[in-house]
Structures are given as C-alpha cells and as structure tokens.
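Please look over the sequence and the structure shown here.

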Amino acid sequence: MQENITLIQYFKRYLKRCITGPWSLMCGLSVSLKYFFDPRRIVTEQYPENRKTLKMHERFRGRLEMIEDQDGNNLCTACGMCERACPNASINVLATKNIAGKKVLGRYIYHFASCTQCGLCVEACPFGAIRMNQEFEVATTDPNSLEMILNKKEGQG
Amino acid sequence: MPTLPPGFRLQRETNTEEFFINMGPQHPSTHGALRLALRMDGETIVELVPHFGYIHRGMEKQAESMSYLQYIALSDRQDYLTAIQNNLGVVIALEKGMNVGVPEKGEYIRVMLQELGRIASHLVFFGCFGGDLGGQTCLLFGFKEREMIHDILEEVTGSRLTTNFFRPGGSRYDVPETFIPRVKAFLDHLEDSMRDYERFLSKNIIVLERSIGIGVLSKEDAIAYGCSGPVLRASGVNFDVRRVNPYSIYDQFDFDIPVFHNGDCYDRYKIRIAEIHESMKILRQCIDKFPKEGPWRSKEKPVRLPEGRYYSEIETAKGLYATYVVAATTGEKPYRIHTRGPSFPHIAALNKMAQGHKISDLVTIMATLDPVIPEIDR
C-alpha cells in the first residue's frame with residue numbers, strides 16, 4: 001500500500017511528527033504521573049487487611065444455606081422445586097416420612113462443587129426456606145467438605 | 001501503511017519461501033483460546049485461517065434439556081463481558097412468546113443496566129487495546145472504572161459478572177435506593193476520567209502510527225461478512241438495532257449513533273470512545289426520568305411458552321445479538337435455541353483485514369475487533 005504524495009510532502013509530515021510525537025508522549029506521561037502521585041485516585045482495596053470491615057451486599061450470592069430459627073427448625077417441605085430449578089443438579093432433596101406418615105424433609109444434600117450460584121433455587125422456593133449467604137471466602141483443601149447437608153433437623157412438613 | 005515515501009520502496013528478495021506459524025491457542029492477544037494458522041512471507045501475512053472450538057461447551061444443545069429460566073443463567077456464560085445484555089436478549093424472545101409486557105420502571109432498570117454493561121465492555125476494550133499495543137498502564141486505567149460498574153451491578157443483581165438478572169416481565173429484584181445516586185456519582189467520575197484517558201491514548205503517536213490505515217475493512221466487505229456493532233459502524237454503515245428496530249424503550253431517548261468512515265483500527269477505537277459518551281448521555285436522561293414509584297415487574301407467572309418460533313435481536317456492546325427460540329410443544333422446555341453472536345463474523349473477516357499486514361499489526365487488528373471467544377464457541 002502506498003500513498004500518492006510527493007517526497008516534499010512526506011518529509012514535511014515526517015518533521016511535523018518529530019515534534020508532535022514526543023509532545024503526545026509527554027501528555028500521556030503527565031496523566032500517568034497524575035495518577036501515580038494523587039492519593040485520591042487510589043481505588044485499590046487492601047484486601048486481607050480490611051477483612052473485618054469487608055461486608056458483601058445483601059443480595060450477594062454466596063453459598064446456599066437453610067433459614068433456621070434458634071432451635072434449628074426449618075420451613076422446608078421437601079417439595080423439590082429447588083431440585084428441579086437447579087441447572088446443574090447441585091441439590092438433592094431426600095424426603096422421608098414422619099411418625100404420622102406425612103412426607104417431610106429428610107436430608108437436604110447440597111453439592112457446592114458443582115454450584116454456579118445462579119440463585120434459581122432461592123427464586124423457585126415457594127416457602128422461602130433457603131437463601132444465599134454473604135460468604136465469599138469459600139476455597140478449601142478438602143473436597144469432601146464441599147458436599148454438605150444443609151438441614152440440622154427433619155422438616156416439619 | 002504510511003511509512004515509506006514513494007521513491008524509497010525496498011526491493012523484495014526474489015527467493016522467498018512461505019511458511020506457517022501458529023498464533024495461539026494460548027496467546028495473550030487472541031483474547032481467549034483461539035488459534036490462528038498464519039501463512040507468512042517473511043513478516044507479512046499472506047493468509048490467515050482461524051480455528052475455533054477449544055472451549056466449545058455445547059450451550060445450544062444443553063439448552064434443549066433445560067427450562068427457559070435455566071437458559072437465562074446459561075446465557076451469562078456466553079459473552080461474559082456483557083452478561084447483562086445477553087440476559088436481555090434471551091428474555092425479550094421469551095416475552096414475545098409469553099406475551100407479557102414490562103412496567104415503565106422495569107424498562108428504565110433494563111436500559112440503565114444495558115448502558116452500564118456497554119460502558120463496562122468498552123472500557124475493557126480500551127484497556128486491552130492499550131495493553132496489546134504495549135501500554136500496561138492503560139490496561140489498569142480501563143479496569144479501574146469497570147470495577148465501579150461491577151460494584152454497582154453486584155449491589156443490584158447479586159453478582160459481578162454472571163448477573164442472571166432479567167426475567168420475563170421485568171427483572172428479578174427492584175433496584176435498591178442507593179442505585180440512582182451511585183450511578184450519578186459514577187457518571188461524574190467517568191466523565192472526568194475519560195478526559196484523562198483520551199488525553200492519554202487518543203493522540204499518542206505510537207497508537208496513531210500503529211492503527212491509522214491498519215486493517216481496513218471496506219463498507220461492502222463489512223456488510224458481506226455480516227459484521228455488526230462498532231466494527232460495522234466504523235466502516236461507514238449507520239446500523240444500530242437501538243435505532244433501526246428499537247427494543248425496550250430506546251426510542252424515547254435522545255442519543256446519536258456515531259459513524260466513522262475509514263474502517264481502520266483507529267476508527268474502531270474512536271467509535272467505542274464515542275459510544276461511551278453516548279451511553280453516558282442515555283444514562284443521564286434515565287436518571288432524570290427514572291420513576292420513583294410504580295411496579296418494576298408485571299405479575300409473575302410460570303415461564304411456559306406456547307408452540308411457535310420467537311426471535312429477538314438486541315445491540316450489545318460487541319454488536320448484534322439475536323436469539324431464536326423454537327418451542328415445539330407448549331411447555332417450559334425449548335425444542336431448540338439458537339444464538340447469533342456478534343464476534344464470529346468479525347473473526348471471519350479477520351483474514352480480509354490482516355492480509356498484507358505485518359504480524360505485529362495483527363495484534364492491533366485483533367484488539368480492535370474486541371472478540372470474546374467463549375461467545376463464539378458457546
């Protein structure tokens with residue numbers, strides 16, 4: 001690809017760029033220096049140090065957990081809506097029968113390893129029995145700890 | 001390539017031999033796992049063949065065994081830089097099937113989050129463009145403002161990248177009270193920063209020399225290859241879905257569609273900077289007109305689509321994003337969902353743009369196309 005310009009035009013442009021080029025670099029450098037020295041422009045979070053004050057937003061989708069009162073009772077009726085809503089089969093709701101022969105929650109098994117934290121289970125729950133907590137430091141060295149049973153007690157039915 | 005004067009053309013060697021090299025799949029400037037097979041003559045590219053499929057996950061096949069709601073969560077994982085926009089593309093197609101409308105406040109929430117997503121994606125482009133040309137400071141500048149957008153998104157949707165926010169008939173939550181003041185503060189901050197950033201990069205001699213006249217895509221080629229978004233508009237075609245076929249409430253806002261005519265790398269850079277300013281304009285109008293009261297979601301009902309075919313197209317930051325839903329039976333599972341992503345045609349046109357350029361220019365061209373490979377492979 002070649003341009004249709006004369007040699008004189010070419011050298012005029014060349015000389016002009018010799019002046020404007022370094023000037024443009026200086027302009028860019030001044031922005032860099034401004035950001036380097038101005039403390040108001042620092043946006044970095046000092047993460048491990050600010051751990052105590054760092055709070056996630058209310059809607060943050062962390063690990064799934066069951067809403068329980070002080071005695072450990074939950075609202076789950078083992079209807080299985082969350083299990084059906086889950087895109088990657090991270091939830092297994094195992095129902096059992098209580099002494100009156102009614103279907104209640106036995107075990108609420110949650111596979112955290114395959115969970116993508118999309119929040120569809122919470123949305124699908126008709127009883128508001130589950131929520132996503134604000135936990136974000138979820139790394140672990142023990143893969144077995146990622147398979148968890150969320151309920152402490154059997155459901156009330 | 002305005003580098004040599006007319007009489008100074010170097011004579012080519014008579015005995016040259018062409019050779020192949022691979023660029024990628026693990027290469028920082030291919031923006032993901034993309035392999036480019038290059039046929040080279042010295043340092044000049046003779047032919048270029050892109051190879052896809054390194055991160056193919058079969059999303060469209062997976063969708064056949066998923067419910068519609070689950071597919072909204074899956075659409076986050078296509079173009080992860082504009083996940084909030086992909087959500088809307090899917091949701092509009094579902095709304096056409098379910099025949100539900102969106103209340104006014106819901107529409108405002110949609111438009112505002114769309115424009116925030118567009119700014120976030122263009123800021124990543126700004127950073128990567130500078131970063132690919134060798135200025136790592138620029139990379140951090142771009143990501144600094146993007147971080148603020150993601151903080152806003154995290155507060156509103158609950159997640160930074162994989163938002164999974166819109167639902168047929170509105171959105172999942174109402175926006176919190178802090179949303180409007182935060183966006184306002186962010187816009188003031190961004191206006192200030194963009195002035196600095198344009199001073200930093202737009203007139204930089206290295207950027208000018210490396211991008212003007214590089215990777216020219218003519219108007220005819222851009223249309224023929226099916227390019228869309230900023231790449232198409234940089235080649236001089238005034239096409240924006242927001243204007244041509246308005247969805248949501250984009251017809252109520254006053255904004256310009258920037259069009260540039262050279263089709264080279266520098267125009268593709270300038271057009272994205274201009275679009276950030278246009279998005280800010282839309283956001284300011286939204287803040288003025290944002291309804292304080294009123295419902296943000298129409299009456300919730302199960303997502304079941306009647307038999308039929310539904311199509312939606314929206315303008316994401318990268319270009320035209322279309323969703324085609326085929327429902328064979330009335331129910332909550334699709335028969336087939338097809339997605340038309342914007343990045344694939346851009347990479348297809350890469351051969352046309354890169355031919356005859358040096359291999360270092362290919363990095364510039366790739367950066368200005370701004371492709372996202374997971375969206376191509378799906």
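## Cysteines, domains and a helix pair

Keep in mind that the model is predicted. A disulfide is a covalent bond between the sulfur atoms of two cysteines.

Take Cys27(A), which is in no disulfide. Its nearest cysteine sulfur belongs to Cys138(B), 15 Å away. Now take Cys76(A). The closest cysteine sulfur to that of Cys76(A) is in Cys82(A), at 6.2 Å.

Are Cys27(A) and Cys76(A) buried or exposed? Cys27(A) is buried, and Cys76(A) counts as buried too. The table sets out their values.

| Cys27(A) | Cys138(B), 15 Å | 16% |

Next come the domains. Chain A is divided into domain 1 (7-41) and domain 2 (64-149). The C-alpha centres of these two domains of chain A lie 59 Å apart.

Now turn to chain B. Helix 4 of chain B (residues 104-132) packs with helix 11 of chain B (residues 265-289). The angle is about 155 degrees, and the axes are 9 Å apart. Angles over 145 degrees count as roughly antiparallel, so helix 4 and helix 11 of chain B are roughly antiparallel to each other. Their crossing is left-handed. Which kinds of residue make up the contact of helix 4 of chain B with helix 11 of chain B? There are 17 nonpolar, two polar and six charged residues.

Conventions:
Residues are numbered from 1 along each chain as its sequence is written. Chains are lettered from A and ligands numbered from 1 in the order in which they are written. This is a predicted model: local features need pLDDT of at least 70, side-chain atom pairs count only at pLDDT 80 or more; totals for chains, interfaces and linings use all residues. Side-chain values use heavy atoms; hydrogens and water are left out. Axes are lines fitted to C-alpha atoms, for helices over the stretch in contact, and angles run from 0 to 180 degrees between N-to-C directions. Helices (H or I, at least four residues) and strands (E, at least two) are DSSP runs, numbered from the N terminus. Angles under 35 degrees count as roughly parallel, over 145 as roughly antiparallel, 65 to 115 as roughly perpendicular and the rest as oblique. A crossing is left-handed if the near helix is turned anticlockwise from the far one by less than a right angle, and right-handed if clockwise. Ala, Val, Leu, Ile, Met, Phe, Trp, Tyr, Cys and Pro count as nonpolar, Asp, Glu, Lys and Arg as charged, and the others, Gly among them, as polar. Domain bounds come from an automatic or database domain assignment. A disulfide is a pair of cysteine sulfur atoms within 2.5 Å. Buried means under 20% relative accessible area, exposed over 50%, partly exposed in between (1.4 Å probe, protein chains only).
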